[in-house]
Amino acid sequence: MQIIPLPAFRDNYIWLLRDGSRAAVVDPGDAAPVLAYLAAEGLTLDAILITHHHADHIGGVAELLAHASVPVHGPARENIPGMTHPVSEGDAVTVLGKTFRVLDIPGHTGGHVGYYGAPVLFCGDTLFAAGCGRIFEGTPAQLFASLEKLAALPGDTQVYCTHEYTLSNLAFAAAVEPDNAAVSERIALSQKLRGNNTPTVPFRLAGERNSNPFLRTRETAVIRQAEIRAGQALETPVEVFAALREWKNGF
Ligand SMILES: [Zn+2]
């Protein structure tokens, strides 16, 4: 199976899975790039996977369904127009012969789910390269727990998030930890990739704990910086996480 990025809007990736003449898509916010790719490659759409209800993730579902009546798997706790298969933690979804386990990863939205089929993870707007999603509907504790759940997956996991936010996330990571060599190295590597118009996604989970400040809330240097920004002592990793997320919102 191949996984292809279809760029959409300003910085979204719609992930297209293909195997033989069949294809599936994850978070089709726009139908146009999907339909164009399917036509150009002579592929038939087999399934749609949705991680959460935001328009840039589901906006193309209705038009795709007008072209092909296919199963739409999505978060049971959210209202997804066209959804045929609501899923939640522990469910299994088989797409193009590959089985994915559903993970509940709330925080960005209330019912956000991820799909994990080793070594592939589709995690929507929860974990980004060197960053994480904003908290729109959940709590800091929820998003923190969701990120820790994802970070506990095997190190060889390939993370397919849905935005190309890596360089701006790394600029924030460098502000949090100016002396973190893993951050500087990742900035150099990511600038090179973006300079060649190459996606920085997917990325390997193994290095994430070294350069993603939101997974480094137990590091002394990170705690200190978060406390300075928050103007108060922070007692727990969740408090540090919440302070970092607040800081990043205005960064
Ligand atoms: Zn979103």
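**Close-up 1. Helix α5 meets helix α6.** T166, L167, L170, A173 and A174 in α5 touch V183, R186, I187, S190, Q191 and R194 in α6. Sorted by class, this contact holds six nonpolar, three polar and two charged residues. Please keep in mind, here and in the views that follow, that the model is predicted. The two helices, α5 and α6, pack at an angle of about 160 degrees, and their axes lie 10 Å apart. Because an angle over 145 degrees counts as roughly antiparallel, α5 is described as roughly antiparallel to α6. The crossing of α5 and α6 is left-handed.

**Close-up 2. Helix α5 meets helix α9.** Here α5 packs with helix α9, which covers residues 237-249. The angle between α5 and α9 is about 120 degrees, with 11 Å between their axes. That makes α5 and α9 oblique to each other, and their crossing is right-handed. Which residues meet in this view? From α5 come S168, N169, F172, A175 and V176, and from α9 come L244, W247 and K248. By class, the contact of α5 with α9 has five nonpolar, two polar and one charged residues.

**Close-up 3. A salt bridge between E164 and R194.** R194, already seen in the contact of α5 with α6, also forms a salt bridge with E164. The closest N and O atoms of E164 and R194 are 3.8 Å apart. E164 sits in the loop between β13 (158-161) and α5 (166-176), while R194 belongs to helix α6 (residues 181-195). The pair therefore links distant parts of the chain, 30 residues apart. Are these two partners buried or partly exposed? E164 counts as buried, at 13% relative accessibility, whereas R194 is partly exposed, with a relative accessible area of 28%.

**Close-up 4. A salt bridge between R18 and E41.** Side chains of opposite charge can pair when their charged atoms come close. In this view, R18 forms a salt bridge with E41, and the closest N and O atoms are 2.9 Å apart. R18 lies in strand β2 (residues 12-19) and E41 in helix α1 (residues 31-41), so the pair links distant parts of the chain, 23 residues apart. R18 counts as buried at 16% relative accessibility, while E41 is partly exposed at 38%.

**Close-up 5. A salt bridge between K149 and E89.** The side chains of K149 and E89 meet with 2.7 Å from N to O. Where does each partner lie? K149 is in helix α4 (residues 140-151), and E89 is in the loop between β6 (85-87) and β7 (92-95). The pair thus ties together parts that are 60 residues apart in sequence. K149 is partly exposed at 32% relative accessibility, and E89 is partly exposed too, with a relative accessible area of 37%.

**Close-up 6. A network of salt bridges.** E148, R209 and R218 are linked in a network of salt bridges. How many salt bridges are counted in the model? The count comes to 11.

**Close-up 7. A32 and L64.** A32 is found in helix α1. A32 is partly exposed, with a relative accessible area of 44%. A32 and L64 are 32 residues apart in sequence, and their C-alpha atoms are 8.9 Å apart in space.

Note on methods:
Residues are numbered from 1 along each chain as its sequence is written. This is a predicted model: local features need pLDDT of at least 70, side-chain atom pairs count only at pLDDT 80 or more; totals for chains, interfaces and linings use all residues. Side-chain values use heavy atoms; hydrogens and water are left out. A salt bridge is a side-chain nitrogen of Lys or Arg within 4 Å of a carboxyl oxygen of Asp or Glu. Helices (H or I, at least four residues) and strands (E, at least two) are DSSP runs, numbered from the N terminus. Buried means under 20% relative accessible area, exposed over 50%, partly exposed in between (1.4 Å probe, protein chains only). Axes are lines fitted to C-alpha atoms, for helices over the stretch in contact, and angles run from 0 to 180 degrees between N-to-C directions. Angles under 35 degrees count as roughly parallel, over 145 as roughly antiparallel, 65 to 115 as roughly perpendicular and the rest as oblique. A crossing is left-handed if the near helix is turned anticlockwise from the far one by less than a right angle, and right-handed if clockwise. Contact means heavy atoms within 4.5 Å. Ala, Val, Leu, Ile, Met, Phe, Trp, Tyr, Cys and Pro count as nonpolar, Asp, Glu, Lys and Arg as charged, and the others, Gly among them, as polar.
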